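Dear colleague,

Please find below the structure I am handing over to you, together with its sequence.

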Amino acid sequence: MPKLDELEQDIAELRALEASAQRSRVQQIMSIEVRKLETELIRERERQSAAAAPGAEAKQTASQQSRNTPFTTKITNYAWDQSDKFVKLYVTLPGVHELPAESIKSAFGTRRLELEVNGLAGRNHHLLITNLMNDIAPDSSYHKVKTDMVAVFLRKTSADKWSDISGLDKKAKEPKVPKTEMDGGDPGSSLMNMMKQLYDEGDDEMKRTIAKAWTEAREKQQENGDGGL
């Protein structure tokens, strides 16, 4: 480390000159120069230490960047309505109107919607729907920022009413169809299995209704049997 050696030698020589100087002004000048060289010596040592350990510095930089990366929250709650021309989604995000315009982005496909809100209260917010209920016109769809809210306007390709925003929403609303098992091709057995499943999975009202139906069916069978004797 030639530069470090030279700095140390210069400092030692200046200190010797400072000690031998007779006039106070000369001593002050020497003292100032010594402090300058000492500062330069410290900086040179730090520079050489950093150059000798680039891996550690890179890890520290990566760790710092990781801490500064905001957490992304998936948007799952929103309100919506529609007109003949647009389906409108309303995403409530307190303070969103205070963000710069470039922090809020939207992108659209024929049946796709994506909304990004970055840097809101230290978090990013993301909404992605890839199976919209019907086709939209991507070039005519857009978003608008309002107080504490982002409104997304999906341009319809027809005036048809949407029952849901996406195919998944519609499927989730469809009632479950009870499973039936054909025991040896016997329809009566299949019906009994279906009724049993409805009874097991139903609420109290459903169970009372099924129990009443079974009781009435048995009584009717008994009456028909007695009448045939």
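Read along the sequence, the elements of the protein follow the order α-α-α-β-β-β-β-β-β-β-β-α-α-α. In total there are 6 helices and 8 strands. Please bear in mind that this is a predicted model. Of the 229 residues in the protein, 24% are buried. Among the contacts with a separation of 6 or more, 55% are made by residues 24 or more positions apart.

Pocket

The largest pocket has a volume of about 200 Å³. The residues that line this pocket are K74, I75, T76, Y78, L127, L128, I129, T130, N131, S166, L168 and D169. Sorted by class, the lining comprises 6 nonpolar, 4 polar and 2 charged residues. Two elements, β6 (123-129) and α4 (167-173), each supply at least two residues of this lining. The largest share, 3 residues, comes from β6.

One of the lining residues, S166, deserves a separate remark. S166 is located in the loop between β8 (149-155) and α4. Is this residue buried or exposed? S166 counts as buried because its relative accessible area is 5%, and the cut-off for that class is under 20%. Apart from neighbours within four places in sequence, S166 is in contact with I129, N131, L132 and M133. Of these contacts, I129 and N131 also belong to the lining of the largest pocket.

Cavity

How many cavities of 30 Å³ or more does a search of the whole structure find? The search finds 1. The volume of the largest cavity is about 30 Å³. The residues around the largest cavity are N134, D135, K156, T157, S158, D160 and W162. By class, this lining has 1 nonpolar, 3 polar and 3 charged residues.

A buried lysine

K88 belongs to strand β3 (residues 86-92). This lysine is buried, yet K88 has no salt bridge. Which side chain of opposite charge is nearest to K88, and how far away is it? The nearest is D81, at 4.0 Å. Leaving aside neighbours within four places in sequence, K88 is in contact with A79, W80, D81, S83, V152 and F153.

Backbone

For A121, which is not a glycine, phi is about 55°. A121 lies in the loop between β5 (112-120) and β6. A121 counts as exposed because its relative accessibility is 75%, where the cut-off for exposed is over 50%.

For D148, phi is near 60°, again a positive value in a residue other than glycine. D148 is part of the loop between β7 (142-146) and β8. With a relative accessibility of 29%, D148 is classed as partly exposed.

Yours sincerely

Note on methods
Residues numbered from 1 in each chain as written. Predicted model: local features only at pLDDT ≥ 70, side-chain atom pairs only at ≥ 80, totals over all residues. Heavy atoms only, no water. 1 Å grid on protein atoms, 1.4 Å probe; cavity = no way out; pocket = protein on both sides within 12 Å on 5 of 7 lines; lining within 4 Å. Points joined across faces, edges and corners; volume = space filled by probe spheres on them. Nonpolar A, V, L, I, M, F, W, Y, C, P; charged D, E, K, R; others polar. Helix = DSSP H or I, 4+ residues; strand = E, 2+ residues; numbered from the N terminus. Buried < 20%, exposed > 50% of the residue type's maximum accessible area, 1.4 Å probe, protein only. Lys, Arg positive; Asp, Glu negative; His and termini not counted. Contact = heavy atoms within 4.5 Å.
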